[in-house]
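Please keep the sequence and the 3D view open as you read.

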Amino acid sequence: MNTTGSKGIGKHPLIEMLGVTKVYGTGQAAMHALRGINLRIDQGEFVAVMGPSGSGKSTCMNILGCLDTPTAGAYLFEGISVGKLSRGQRALLRRHYLGFVFQGYNLLNRTSALENVELPLIYRAIPAGRRRSRALEAMEAVGLKGWETHTPSELSGGQQQRVAIARAMVTAPMVLLADEPTGNLDSVRSKEIMDLLTTFNQKQGITIVMVTHDPEIAVYAKRTIRFLDGVIDSEEQNGGVG
Amino acid sequence: MLWETVLLALREIRRNVMRSSLTVLGIVIGVAAVITMVTLGGGATAQVTSDIAKMGTNLLQVRPGQLHRGPGGTRSTANMFKVDDAEAIAREISGVAAVAPVASEMLQAIYGNANWSTTVTGSTNGFLQVRNWTLDSGRQFSEGELRAGKTVCILGSTVRKELFGAQDPLGTTVRLRNISFKVIGVLISKGQSSFGTDQDDFVLIPLRTLQRRIAGNIDVSRIYISAQDGISTNKVQEDIERLMRERRRISLGKDDDFHVRDMEELVSTLTGTTRVLTALLGAVAAVSLIVGGIGIMNIMLVSVTERTREIGTRLAIGALERDVLMQFLVEAVVLSSFGGLFGILLGLASAAAGARFLAVPFVLNIGIVVIAFLFSAAVGVVFGYFPARQAARLDPIEALRHE
Ligand SMILES: Nc1ncnc2c1ncn2[C@@H]1O[C@H](COP(=O)(O)OP(=O)(O)O)[C@@H](O)[C@H]1O
Ligand SMILES: [Mg+2]
């Protein structure tokens with residue numbers, strides 16, 4: 001197989017991108033956001049994605065997150081070609097296997113932190129009682145015990161970021177996709193969040209793919225992928241901090 | 001899951017109480033209008049029916065002249081009846097319970113300083129029977145009074161009230177065209193008829209007295225006949241027509257110069273009319289419901305635009321199109337059902353007030369209440385569907401990028 005970043009025998013290839021391209025618009029206005037990405041991420045990996053602005057990181061994350069489909073090439077999730085799935089099937093993939101930490105948090109306004117965290121469990125049809133206790137656990141794990149009833153507007157940027165992480169984690173997803181999860185945090189808060197993600201990765205074996213601009217954050221991951229102009233420019237193994 | 005969605009919708013509605021109330025105002029008014037119209041219409045129908053029952057449904061009326069349909073009524077160029085005609089009907093026609101020959105004049109009734117313009121009806125005790133009149137106090141005419149044409153009278157309750165106030169009129173005398181009439185009875189009030197006339201505004205005196213002392217002729221302007229219970233008024237009507245043609249010597253092929261009217265016919269015409277009216281008003285009100293639905297659709301579309309990011313988030317997290325569709329549809333239905341509920345309460349209240357004002361009975365029609373509620377919920381489904389589909393079809397990435 002012509003994939004990169006193979007971690008050797010025994011690891012299960014969870015995610016594979018084979019010559020993925022993404023073109024926005026057509027003709028003269030065509031914008032080539034991704035120009036042939038080959039990528040393999042195994043189960044349990046912690047991968048950092050770096051690269052200058054506009055290099056295609058978010059586009060790649062959207063495709064990884066089954067929110068978008070490649071213009072050409074194939075994206076295989078657990079061997080399933082996501083591009084061939086229907087809208088509804090992709091929604092079910094997101095529901096059952098993926099957790100998102102969006103760049104802008106995307107919390108529901110006017111809705112309490114706890115209810116925000118409960119949201120993915122509602123779509124998994126978890127009964128109300130179990131839903132509540134799991135959401136409370138997740139809130140506690142991100143250090144927001146006591147802030148459950150506050151709405152996003154009553155929380156600081158860092159707290160909102162942690163609510164977003166709790167919401168992504170509460171389902172114990174197979175893959176966690178985080179687009180600049182520490183983008184708006186100071187270094188102390190950033191370190192806390194990264195320790196949390198490292199714990200999730202190591203204790204629960206959750207695969208993490210994280211976009212960041214900060215090399216100090218990237219070192220928490222075991223592997224760093226660098227994007228440039230819609231292609232993977234380089235790749236390196238880190239020792240990992242944790 | 002549906003229950004969750006309903007709770008979610010309730011919360012969403014509560015968040016914006018002011019806008020939600022304005023949104024459903026159209027539905028509230030529409031439903032209230034439907035309920036008011038139909039309830040009042042039902043009350044009016046019940047009123048007409050009971051009025052006519054009071055009048056006696058087995059009542060027939062014979063009048064001279066041909067019947068001209070529509071307003072204007074009869075032209076009495078034809079010969080008046082005589083008392084003999086009434087007696088012949090009583091004698092020769094089977095199934096007749098009572099017969100009352102009637103003649104009347106508009107006169108001034110005077111008692112002391114009080115005077116009152118009223119109808120003076122000359123008839124027999126049969127009149128009380130066929131028109132279902134009951135004595136409040138006093139007595140009917142005696143045979144002697146009727147035969148001799150005595151100056152005695154029985155008062156309708158309006159005349160009694162206008163002339164005597166709280167005083168007991170029995171035994172006193174009332175002056176009609178300078179003749180003193182002794183009051184021997186007072187009738188129980190029937191109130192207004194559905195046609196808006198005061199049924200209690202008359203004085204009853206013996207027919208012979210009216211003919212001799214007031215009218216100065218021996219004419220009878222109409223004859224009331226009540227059929228016995230269980231006897232078809234149609235059959236009696238035909239018999240009367242045959243008898244009268246014979247008595248008035250109308251040769252074969254010539255038109256009647258009199259006509260017989262059946263009250264039952266009148267009932268069905270009148271209730272039919274009020275029913276058509278009710279249906280029409282109801283239809284007008286239903287149109288306002290549709291307008292209310294468009295109001296809901298409008299606000300739901302605004303809401304979808306405002307909540308694009310929320311929808312994007314839900315879709316990204318794993319909501320299916322169906323989930324988002326349901327969310328917005330349930331919200332529209334909950335909204336419109338609330339509107340329906342408030343409309344029903346408002347409609348019943350205004351119908352109750354209207355019924356009092358128009359002096360018709362308040363007849364609660366559970367059927368229309370249920371229909372109005374279901375209709376308002378249906379309005380939510382129909383007019384909520386388009387915005388809900390709009391929301392469900394959003395592209396998650398586009399929606400998340402939306403500002
Ligand atoms: N929906 C879109 N329509 C048109 N161009 C887009 C769209 N999304 C991204 N792009 C373009 O694709 C390129 C890659 O964008 P993106 O993946 O967001 O980069 P990054 O996240 O690395 O900053 C950019 O040049 C961006 O302008
Ligand atoms: Mg980006």
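This is a predicted model: local features need pLDDT of at least 70, side-chain atom pairs count only at pLDDT 80 or more; totals for chains, interfaces and linings use all residues.

Residues are numbered from 1 along each chain as its sequence is written, chains are lettered from A and ligands numbered from 1 in the order in which they are written, and side-chain values use heavy atoms, with hydrogens and water left out.

Begin at the interface. Here 24 residues of chain A are in contact with 26 residues of chain B (contact means heavy atoms within 4.5 Å). A:Arg87, A:Arg110 and A:Tyr123 supply 31% of the area that chain A buries against chain B, more than any other three residues. Together the two chains bury about 2200 Å², 52% of it on carbon and sulfur atoms; buried area is the accessible area (1.4 Å probe) that two parts lose on being put together, summed over both.

Now to the charges. Side chains of opposite charge can pair when their charged atoms come close. The rule finds five salt bridges across the interface of chain A and chain B, where a salt bridge is a side-chain nitrogen of Lys or Arg within 4 Å of a carboxyl oxygen of Asp or Glu. One salt bridge links the side chains of A:Arg95 and B:Asp323 (2.7 Å, N to O). A:Arg95 lies in helix H2 of chain A and B:Asp323 in helix H11 of chain B, so this pair joins two chains; helices (H or I, at least four residues) and strands (E, at least two) are DSSP runs, numbered from the N terminus. Both A:Arg95 and B:Asp323 are buried, where buried means under 20% relative accessible area, exposed over 50%, and partly exposed in between (1.4 Å probe, protein chains only).

Another salt bridge pairs A:Arg110 with B:Glu12 (3.3 Å, N to O). A:Arg110 sits in the loop between strand E6 (98-101) and H3 of chain A, and B:Glu12 in helix H1 (residues 2-15) of chain B, so this pair also joins two chains. A:Arg110 is partly exposed at 43% relative accessibility, whereas B:Glu12 is buried at 9%.

Within chain B, the side chains of B:Glu310 and B:Arg307 form a salt bridge (3.2 Å, N to O). Salt bridges that share partners join A:Arg110, B:Glu12, B:Arg15, B:Arg307, B:Glu310, B:Arg314 and B:Glu331 into one network.

Finally, look at B:Gly354 in helix H11 (residues 321-358) of chain B. Its C-alpha atom is 9.6 Å from that of B:Met37, 317 residues apart along the chain.
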